[in-house]
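Student: I would like a close look at the charged side chains of this model, taken slowly. Please start with the surface patch and then go on to the salt bridges.

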Amino acid sequence: MAFSGRSSVRLSAGVWWPVNKVQAGNAGLFAPAHRAILSPSMKAGSNSVSRRALLKSLGSVGALVTVGGASATAAELPQTPRRSPTPTRGRNARRQIQEAVMAAPLIDTHEHLIEEKERLQGAANPRVPCDDWALLFSHYLNSDLLNSGMPAEAHKRFLSAEVDPLEKWEILEPYWPAVKNTGYAQAVRIAIRELYGVEELSGATVARVQEGYDKLRRPGFYRRVLNELANIASCQVNCLTGEAFKESDMPTLLMQDISIVGMFAGPNFRQYAPKTGIEVKSLADWHRVIRWWFDHYAQYAVAVKSQNAYSRDIDYERIPAEQAEPVFNKVLQGEPLSPPERKRLEDHLFWEAVDQATACQLPVKLHTGFYAGQNSMPLERLARNPGSATDLCRRSPDTRFVFMHIGYPYYEEMIAVAKQWTNAHLDMCWSWIINPIAAKDFLKKFLVTAPANKVLPFGADYIPVEPVLGHAIMARRGVAQALTELVTEGWLSLSDALELVDPVLHGNARQLFDLESKTRVLAKAPWGDA
């Protein structure tokens, strides 16, 4: 019986390896990509494999493959053809992983949620453009709508509080087919299905969607969406309303970052100085303002956060105070700064804030990669983020950096950063709705490349709470798919995959952000209902 086309040899019990076509005089039995797993006697790069070496490699299972076109007898060949694991086994692995992933609590490491009491104010709050079902489209998905061709005027009407909610479907309908399959839209569609019981948004169902929106939006609905339905144990919120730290009414559910971007970009005197009571007349005074925020709120904060990468690279150099002070004085006098001057001041103040965070044992979260919005993203700047991330890790080895959004689309490079640098962690926040397939690909590659305790799998990154549920379901689906594929492709055993579920979904975040002790402290915070 001669080999023709592609076949396989048995390496050990239950393990098969494909071999290339064997013809008379063909010395290339194994493809170069396969040679690496052969015994040392089969030298890498050699174009021939001796019969003795091949038999030695396969001898434990008694497989006989001849080179040069000779035949192998039926008794010497496997009696059954090579095949994948049985469907039942595959289904069982898939089911076990899915059940484990769906049952595990999530730690949500990045949100922009406003307070529930502010949300219940409706359109009277500036962060709530309209208090109807269209609000679910107001963050991220609105960018896809604009990019699909929705005119600005139609977009304005769609999110207007003055337009009847039932009339908004007519505004959306022409553009919905183009965007409804994007990650942004899938999170919203899942939320509509799970929260309002409506499978598909349409002219026939929009009234039911609005009815569901009104019925859900009641006091306590944040806990309903986050805890009960999404099985999220806690969220970490980067407040966008200007203050450095938000005293949340629900401090153990909506844990807070200290926002450091206004400490060094600008800097933002109006938002950061008044509460401290410090009159800023010099760079030393501003250092005192920065320290005040850490002195008062570091014990309650889970991390610090900066989204300054929307306006520059994260290439912050350590600039001495004496070089930064003349530039700071120009800012105090209202004088314009040149780009090099602005970078010099920002770099100096960035490290002033980061060093405070490090002294307080707070991780430093930095935006990397993709930009929200449209028509504003210089891709060449994003491409520099991974290299700049390594420089940050080198400049401050005691700082635990959390590089957010997997640096999309440069996530391969960011995996290399996490593998090489002890103090680099990667956060998958936002990534499941930017590109869910890439996010799954990232997680698969990360788990077989870098230490598994350095990845954070989820942060919905939303202002409205409802799509958080959709995003969480997408993330769980992606994590389960990544682990299942690693098992079915032979990179992980089923037990290995199941052992990763709890650490990845919540254990890593609990450890990195010291959530047990933070929860105890926040439960006694002098504000909020815990």
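Tutor: Asp164, Glu167, Glu170 and Glu173 form a negative surface patch. A patch here is made of residues with over 30% relative accessible area and no salt bridge, like charges being joined within 9 Å and nonpolar side chains (Val, Leu, Ile, Met, Phe, Trp, Tyr) within 5 Å; Asp and Glu count as negative, Lys and Arg as positive, while His and the chain ends are not counted. The place of a charge is taken as CG of Asp, CD of Glu, NZ of Lys or CZ of Arg, and accessible areas come from the Shrake-Rupley method with a 1.4 Å probe, where for residues only the protein chains shown count as cover.

This is a predicted model, in which local features need pLDDT of at least 70 and side-chain atom pairs count only at pLDDT 80 or more, whereas totals for chains, interfaces and linings use all residues. Residues are numbered from 1 along each chain as its sequence is written, and side-chain values use heavy atoms, with hydrogens and water left out.

Glu167 has a relative accessible area of 44% and is partly exposed, a class that lies between buried (under 20%) and exposed (over 50%), with a 1.4 Å probe and protein chains only.

Turning to the salt bridges, each defined as a side-chain nitrogen of Lys or Arg within 4 Å of a carboxyl oxygen of Asp or Glu, the count by this rule is 30. One of them joins Glu247 to Lys275, with 3.8 Å between the closest N and O atoms. That pair links distant parts of the chain, 28 residues apart, with Glu247 in the loop between strand E4 (232–237) and strand E5 (254–259) and Lys275 in the loop between helix H13 (269–272) and helix H14 (283–297). Glu247 is partly exposed at 33% relative accessibility, and Lys275 is partly exposed at 45%.

Another salt bridge is formed by Glu485 and Lys440, whose closest N and O atoms are 2.9 Å apart. Because Glu485 belongs to helix H22 (residues 466–488) and Lys440 to helix H21 (residues 436–447), the pair ties together parts that are 45 residues apart in sequence. Glu485 is partly exposed, at a relative accessible area of 21%, whereas Lys440 counts as buried at 15%.

Finally, a network of salt bridges links Arg312, Asp315, Glu317, Lys343, Glu346 and Asp347.

How values were computed: Helix = DSSP H or I, 4+ residues; strand = E, 2+ residues; numbered from the N terminus.
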